Protein chains: 6
Amino acid sequence: MQMNKFFHLNTFMEMENSYEESNVIVFGVGFDGTTSNRPGTRFASTSMRREFYGLETYSPLLELDLEDYKVCDIGDLDLSIGNTEKVLNEIYDATKEIVNDNKIPFMIGGEHLVTLPAFKAVYEKFNDIYVIHFDAHTDLRQEYNNNENSHATVIKRIWDIIGDNRIFQFGIRSGTKEEFNFALKEKHTYMEVSNIITFEKIISKLDGKKIYLTIDLDVLDPSIFPGTGTPEPGGVTYKEFENVFRILKNSNVEIVGCDIVELSPDYDNANISTVTACKILRELSLVTSDNVEKGKLI
Amino acid sequence: MQMNKFFHLNTFMEMENSYEESNVIVFGVGFDGTTSNRPGTRFASTSMRREFYGLETYSPLLELDLEDYKVCDIGDLDLSIGNTEKVLNEIYDATKEIVNDNKIPFMIGGEHLVTLPAFKAVYEKFNDIYVIHFDAHTDLRQEYNNNENSHATVIKRIWDIIGDNRIFQFGIRSGTKEEFNFALKEKHTYMEVSNIITFEKIISKLDGKKIYLTIDLDVLDPSIFPGTGTPEPGGVTYKEFENVFRILKNSNVEIVGCDIVELSPDYDNANISTVTACKILRELSLVTSDNVEKGKLI
Amino acid sequence: MQMNKFFHLNTFMEMENSYEESNVIVFGVGFDGTTSNRPGTRFASTSMRREFYGLETYSPLLELDLEDYKVCDIGDLDLSIGNTEKVLNEIYDATKEIVNDNKIPFMIGGEHLVTLPAFKAVYEKFNDIYVIHFDAHTDLRQEYNNNENSHATVIKRIWDIIGDNRIFQFGIRSGTKEEFNFALKEKHTYMEVSNIITFEKIISKLDGKKIYLTIDLDVLDPSIFPGTGTPEPGGVTYKEFENVFRILKNSNVEIVGCDIVELSPDYDNANISTVTACKILRELSLVTSDNVEKGKLI
Amino acid sequence: MQMNKFFHLNTFMEMENSYEESNVIVFGVGFDGTTSNRPGTRFASTSMRREFYGLETYSPLLELDLEDYKVCDIGDLDLSIGNTEKVLNEIYDATKEIVNDNKIPFMIGGEHLVTLPAFKAVYEKFNDIYVIHFDAHTDLRQEYNNNENSHATVIKRIWDIIGDNRIFQFGIRSGTKEEFNFALKEKHTYMEVSNIITFEKIISKLDGKKIYLTIDLDVLDPSIFPGTGTPEPGGVTYKEFENVFRILKNSNVEIVGCDIVELSPDYDNANISTVTACKILRELSLVTSDNVEKGKLI
Amino acid sequence: MQMNKFFHLNTFMEMENSYEESNVIVFGVGFDGTTSNRPGTRFASTSMRREFYGLETYSPLLELDLEDYKVCDIGDLDLSIGNTEKVLNEIYDATKEIVNDNKIPFMIGGEHLVTLPAFKAVYEKFNDIYVIHFDAHTDLRQEYNNNENSHATVIKRIWDIIGDNRIFQFGIRSGTKEEFNFALKEKHTYMEVSNIITFEKIISKLDGKKIYLTIDLDVLDPSIFPGTGTPEPGGVTYKEFENVFRILKNSNVEIVGCDIVELSPDYDNANISTVTACKILRELSLVTSDNVEKGKLI
Amino acid sequence: MQMNKFFHLNTFMEMENSYEESNVIVFGVGFDGTTSNRPGTRFASTSMRREFYGLETYSPLLELDLEDYKVCDIGDLDLSIGNTEKVLNEIYDATKEIVNDNKIPFMIGGEHLVTLPAFKAVYEKFNDIYVIHFDAHTDLRQEYNNNENSHATVIKRIWDIIGDNRIFQFGIRSGTKEEFNFALKEKHTYMEVSNIITFEKIISKLDGKKIYLTIDLDVLDPSIFPGTGTPEPGGVTYKEFENVFRILKNSNVEIVGCDIVELSPDYDNANISTVTACKILRELSLVTSDNVEKGKLI
């Protein structure tokens, strides 16, 4: 009995390769437990799998095709919702296993706090690593609502681990005075509102380096990305953001871990945020896969 | 490497049993090619899989629990969208295989036309079979928009196969004069607006018989089921409809095939139609599984 | 050159008869100038014309078919929006002409104030007339926001014209203490929350009489009719309301004017209110046309 | 300088009395930290204050008028969002003070867990108290997601405090097998799906007793109340629910604390859930105020 | 009896001129039978007629006013929905007649396939014609879902008719590798992502030529145009697109046929896509009418 | 008894200072009585108060923090809805008192007509005053729907008061031919589509002058601001608009009155318009407060 000749389970289109043969492992993490404004990012990966079918597998921007690469959508992580500490451990364990299998984890949040354990697992393998961070918000609070582990503190926690001169933030346009002061002083982090020319310079300085890429999708303007918990006017357009993919493709940095977070599909008008998240997923899986093929990784 | 200890694919909760060990096989058929009013039923099964998590596995109405039965969600059928004839064959082939494996097919549409090939596959195995049909619309046209195979003709096509005295229609409140005349004359079909006492009588008359159950969800009132292509005011409430499950559970009819069709999730306010479709799926899988356990089937 | 063989303008389906040959004249009045809560009834008739196509022309409830009657959708009235007094005159003039042509005006509001001038035009022709009023609200204020002509005073203004023992209100469940006192005392009006048995009695007492029928659609429960300015929980279901059509069909009252008001389509989830308004329009045009055919009118 | 002659802050209409002169104190508690399905109840009281203006102050059902009573809307409680334990203490402290001032707390959630500390404060004053609980869900789990304090355990926690024969549950139609077994056995709680005749009997048995009334608004059917986290088809209609107000008004029970919870306005189509919550707030404040006036309380 | 002094049918504002006296004939074609992603373009023209009233008749960009030109909205084409071949013939016949009457057809889709028969009718009259095509998608597949006539093949079918060097595509950002290869090789078509300077050059090269202009509205970015079947991030803004109108006005090309397609109003948040489609309709009718007045056409 | 230690009323975050100690007074005016297209601006201030919590109090653009200034949200103005003349007087009286107390009125509409009485009150105090007007529409009609006081005439009425060379309009892209002619001729007003360089020049020319700033939020593009009555494609992006705040901060003009109008929250997808209005409110209160601190005012 081989029912699979007729049926398919709901995975990202052209990401149905086996785990073993794949270099890039895509998975969903539906956690939004510390969200302080509009919640719902827990539903992101499910909504994205439906919308992904509206795209083509070919990217004219990158001139690459998903059909030519081995990407595996391994589904959504089982989570102990309601217990933040336990959830963080579950993310850490799963990412650790992917990394240990010499594969690149590509996580779909969930809220931004999910980046912390995934980053940690990647960091423990490579150590000499840089963080590229796209976001509207600084996420540099020391604590938030009496909580050290929060969507609003996640980059500060990563800084606790890797320290100065390692974190590069782009698109930031909201935060407390204290957060901006922290970022701008003593190279704790490098922070930019949104300047693609600077991005290109930074990436060229990181030539040959390993990077962890974390994208809080609210870096995009609410006009193209309304479906997020804390929309912040004044963000980048999708067209501006496309440069990121092109620059990464032409660069010599090695993406060793990646995530896109903070899509909240129940606030997504006509699914335009979801389809935008899908296109970013496609472009970044292509860039990452292409990097691997070029023998850059591992 | 066993990644499954961490991850899950997106299936109906507690319907993750293997095909081989299961008696009831749930699958989605995302076809809406002949829809004449608002389309979108192609997205029904995907949307339902997300909403299903909001329910419990236990039914207090039936005092049965999904955890105690073997139901398998086998995913969505691969379809040649755009070619109606080919799609009908694909549904037929897949259902045929399920039926030949001595399992009960439980299909989630899609538009109502998908019932035709699924019914045909079931009919060819059992022959002596009756059809229970819930719907707001007669679906008894001879042709619609020059098309003999359409959501508006599907019950007429089934009548072509099994003939008089075999089809029982409930909840009907819309159709042409010709359709009503056809149904009401010479027992071509038995038709009722919505009378649960009559339903109980009919079911008791069918004692020991095999039935194919097809539910066009627009039989429900638009107040509880707005998310459908052609909402028709004056339908049954969910509470009235619950009697169907109880009566079936207590009956001696054998459900040998089943479908629920015409959920159009993009028109579904706050997902109330989708969660209602999910609850109907739960209750009916329980009733059908329970019937099998009682040794009634096969 | 006869382009009409190819094209159609946007009218209610099967109401494309000429004005001259028609007995019932349907027209839209997009006025909502005195609305105090959520506005937007100005868009009702336009939205209804699109939704009407989802219905059949045949009513199984009444066993009547629009194809067998002459109804004319004459379009929407030109209005001097912003000048309430002028608008009221424009409605009066147009209705007057329809009445003078021995035809029955069937108006689609707009807010409830539009009933006043339409009623007046009908009243001036027939004088001995009764008002049947369905609504959630009393509409019996003497003035509202310093305004004697308002959606909240319209039935009081009609009472000013025809006086005691002539107005019968059904479905009322909201108003001030003063309004309820006025209605209940000295037969100023007859008021009921919603009791279909009483409706049948009242209609049978009005045997042979002429009536003006005004339906504020918020008489329906917000579950089936969310798309209105001031939804009021606890209303009638559509199924309960269907009795009104059946009773009117079997009665000997003469409907000499009719309106349905207060659909606000921009608040209408999945268009279920709009399709409900359409079904009421179909049933009432059938009842009214049928009454005319029976020779009751003129 | 008296600017108040021109301006008003956003409070519930006709609930602008001073705290000191009022018997019933209405306040919002925007907490939804343990919500497991769709979140957003944190926004309930804010949304309700806007919608309340669409209602009248007079209730024709109860023949009572808000203008004749002293109710005070004291605003929303300041909360340490993100720290569940601290939030529970904050609710407890605020309710305690209201109770100590010999006033009746009327809380608007928030998720259902907020009932626990409010109930506790009321219980500590009166001890001999009964709980009337309307809900679709049992809320009787021992723990949920490793958490003893959760929206899914709240009634179990209350039972921990007051024990057997004190809790009366109405409208329940979802839960695990274990929860139903617990409720139905040894009079741990009294549980009913929804039977207003039984409600009347229970209330008459509680003659002269003090009750705490907690209403999870998802007891209502999703057709009238889509705007909630976990809609469950098969609920009560608003008209059925109205009997509760009438029975309470005519009874001799003393309401010494009250809450309505689980409105999630971002999932509320056309605000019909919000306006329904408002009407329930009006009717219950009237009943409770009327009880106080009759000298029943304090 | 002249009821028209009071009433109007629902046409585009200031496009109520008679067919005979008009140069530009606007009509709707509500067909979306081959749509593979989100359907609903069948409702476009109806929705646009309502929104058009929000605009002025005067264009400050073009310094032209609809009041100064003769444009006729002739309504919507009658279609045999469900039978694609027949529908294509119906579009062809209607367009043919308009063209034969020496008028310019301005079609409002519907899905993009409707362009094929309209183009064919125009092509048969003029032969020496060029196609200007705005779109996010190439539409250059040889077949799609086993179908040669599809929204995804329409430009390939037009190329079958007019061959190389005649088709100019702008805004393209999605397609298969094969489609991009076809377009870019041997001047089969000219393809650009979106560069208004290039557009100006192309138009100036076409000086004195006749052009058919087809605009798939998804060429616009989803931020301003969410209401379409297959939104593709990275499109042009409305302000960028305005240059098209200005360049066309100042050019010497002759627009002999025109269409705007793929508005799907049920996915249109707050109607911003619909009002954008309306503004494009206004600007293009003005440009086309102005061209005719200048004696350029016929 | 000090309940305020627990509770807060619903005001703009960090604008809870006392009227007496504050320089800038924020208030809502929920009037939309002359709106000709989509209504609902009456709900703007209520919706904004909820959304404001999603923002930070610190502006990285201006490097200013609300915590460092004294702004008072005094609530919403009591209005005689339905009586336009009376409403205008009420706005005038309230603004007059604020102005007389040497404070700066910051009004949140409501439709644009509310600007007229507020401006008048400010004008009467200062006389030598200039008007900066951002809008998509000219608002320069002499009358509209037979009405001299309308959202479409408001700037013309202001011109009646202050005359030529005093009004500077930015972002205008819609109006009648007559309105554009009026504006462009004899310096009646200065009108620009949207050119931030010009804005900077104008502001520098007004060095040392007092200005009244009125922002019709539909000046923004519908992609970022769908939630308004008459969306007009082709507007400014939020990023372009940010320059206004920076230029004003660095300028020597004195803002003596300010308003933002025409947010219609019921048409606001995912609240992105509302959060944008909130950010503009924050930036402008900061600029205005900062100007006062610098000793520029009074």
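**Chains D and F, and a helix in chain C**

Modeller: In this predicted model, chain D and chain F bury about 2,800 Å² between them, and carbon and sulfur atoms give 61% of that area.

Biologist: Which residues supply 25% of the area that chain D buries against chain F?

Modeller: D:Phe6, D:Phe7 and D:Arg50, more than any other three residues. Counting contacts, 29 residues of chain D meet 29 of chain F.

Biologist: What makes F:Arg50 and D:Asp266 a salt bridge?

Modeller: Their closest N and O atoms are 2.9 Å apart, and the cut-off is 4 Å between a side-chain nitrogen of Lys or Arg and a carboxyl oxygen of Asp or Glu, so the pair qualifies. The count between chain D and chain F is two salt bridges, alongside six residue pairs in polar contact.

Biologist: Which element gives the most to the side of chain D that touches chain F?

Modeller: Strand E5(D), with five residues. That side of chain D divides into twelve nonpolar, seven polar and ten charged residues.

Biologist: How do you know that chain D and chain E make no contact?

Modeller: Contact needs heavy atoms within 4.5 Å; no such pair joins these two chains, and their closest C-alpha atoms lie 14 Å apart. Chain B and chain F don't touch either, again with 14 Å between nearest C-alpha atoms.

Biologist: Over to H2 of chain C: how does the reach of this helix sit against the expected span?

Modeller: Residues 84–100 reach 24 Å from first C-alpha to last, close to the 24 Å expected for 17 residues at 1.5 Å a residue. Its buried residues, including C:Leu88 and C:Ile91, pack against several elements, among them helix H3 of chain C and strand E1 of chain E.

Note on methods
Residues are numbered from 1 along each chain as its sequence is written. Chains are lettered from A and ligands numbered from 1 in the order in which they are written. This is a predicted model: local features need pLDDT of at least 70, side-chain atom pairs count only at pLDDT 80 or more; totals for chains, interfaces and linings use all residues. Side-chain values use heavy atoms; hydrogens and water are left out. Helices (H or I, at least four residues) and strands (E, at least two) are DSSP runs, numbered from the N terminus. The expected span of a helix is 1.5 Å times one less than its number of residues. Buried means under 20% relative accessible area, exposed over 50%, partly exposed in between (1.4 Å probe, protein chains only). Buried area is the accessible area (1.4 Å probe) that two parts lose on being put together, summed over both. A polar contact is a pair of N or O atoms within 3.5 Å; within protein, one must be able to donate a hydrogen and the other to accept it, and residues adjacent in sequence count only if both atoms are side-chain atoms. Ala, Val, Leu, Ile, Met, Phe, Trp, Tyr, Cys and Pro count as nonpolar, Asp, Glu, Lys and Arg as charged, and the others, Gly among them, as polar.
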